[in-house]
Amino acid sequence: ALINSARSAMSTIKEQGGNNYRHFVSGGDQASDDGLELETSLRQALGQKQFQLYYQPQIDIVSGRVLGLEALLRWHHPTQGMIAPNRFIPLAEKTGLIIPIGEWVLREACSQVATQHGLKVAVNLSARQFHQKDLVAMIRRILDETGMPPANLELEITESALIYDVELAIATMEQLNDLGVSVSLDDFGTGYSSLSYLKRFPIDMLKIDKSFIDEVTTDPDSNVIVKTIIVMAHSLGLKVIAEGVETKEQLTMLREHGCDQAQGYLIARPLLCQEALEIAAQTFVV
Ligand code: C2E
Ligand code: CA
Ligand code: CA
Ligand code: CA
């Protein structure tokens, strides 16, 4: 009965107009009020140009040369200041706003890096983006418009983007492959069925999750895992990049294990585009 009366209260208020009924029902629940406010401002963020991309260099672990930049999204909220992606990407996923936001990220990243000869740009795609129907057509259009060579665009996806619809995911990856765009498997090692994916999906690179890199010099198990991932990836013809490299010792260890690329605060934090492009012209001492 309680549920019924709550429902009728909701529908009454809803009929009376507006979306405010959710405020009413959530009552003193601060968390969901916050979420709703955030959602409202997220809807306006794109139109009000509140997004900005930062770029973090990815280096060749042997030569120290910058091969690419990972684009990382930042939201300058008008009153809350800078909001980290971990706080708003899940909300953008849930509401579908990730689709227009993700398109903006791709276009912005490609146009900012397109003229930097040979430099790659890595763009994160969430599960929902990866399954949008016109993804490949949209990417083709953006490459055309910005003059970005397809071989210089890399998409970073996580396992969660693959498990939802395996057949569709394989088909999409094959189309991306045909287009000349490469795909990296992000946060590798944190999911459940990593190994079977490697056989089934046309992936170019594995990105070993920071949680393993954090312990690579201190925990023998993490060290063995990292070493084994690298050997296995190489035998499958995949490149390997380590994320979240913070110390010289980690970098040295990764190089000894034959890891191909590295990214992390040791090399550079995510930077404004101009700064990142300047750093990309330099060689890091490895
Ligand atoms: P991710 O793809 O795993 O990105 C790596 C995160 O680790 C970034 O956080 C980066 O700033 C941070 N990081 C890099 N090196 C280090 C290090 O040495 N130490 C530490 N402590 N952190 C490091 P950020 O920028 O806050 O992004 C968080 C997550 O949000 C990303 O994780 C990614 O999943 C998501 N994200 C960011 N930008 C986008 C985007 O444009 N689209 C989508 N769909 N997701 C995005
Ligand atoms: Ca990433
Ligand atoms: Ca990660
Ligand atoms: Ca490939």
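Close-up 1. Asp209, in the loop between strand S7 (205–208) and helix H11 (210–214), and Glu243, in the loop between strand S8 (239–242) and helix H13 (248–256), form a pair 34 residues apart that links distant parts of the chain; helices (H or I, at least four residues) and strands (E, at least two) are DSSP runs, numbered from the N terminus. Asp209 is buried, with a relative accessible area of 11%, and Glu243, at 14%, also counts as buried, where buried means under 20% relative accessible area, exposed over 50% and partly exposed in between (1.4 Å probe, protein chains only).

This is a predicted model, in which local features need pLDDT of at least 70 and side-chain atom pairs count only at pLDDT 80 or more, while totals for chains, interfaces and linings use all residues. Residues are numbered from 1 along each chain as its sequence is written, chains are lettered from A and ligands numbered from 1 in the order in which they are written, and side-chain values use heavy atoms, with hydrogens and water left out.

Close-up 2. Glu70 (OE), Asn124 (OD1), Glu156 (OE) and Asp186 (OD) coordinate the calcium ion (ligand 2) at 2.2 to 2.3 Å, and their spacing along the chain is E-x53-N-x31-E-x29-D. The calcium ion (ligand 2) and the calcium ion (ligand 3) are separated by 5.8 Å. Because Glu156 lies in strand S5 (residues 153–157) and Asp186 in strand S6, this pair ties together parts that are 30 residues apart in sequence. Glu156 is buried, with a relative accessible area of 2%, as is Asp186, with 9%.

**Close-up 3. Side-chain contacts of ligand 1.** An oxygen atom of ligand 1 is 3.1 Å from an N or O atom in the side chain of Asn124, and an oxygen atom of ligand 1 is 3.3 Å from an N or O atom in the side chain of Glu243. For the side chain of Gln129, a nitrogen atom of ligand 1 is 3.3 Å from an N or O atom.

Conventions. Polar contact = N/O pair within 3.5 Å; in protein donor to acceptor, adjacent residues only side chain to side chain. Donors = N, O, S within 2.8 Å, 3.2 Å for Na, K, Ca; no water.
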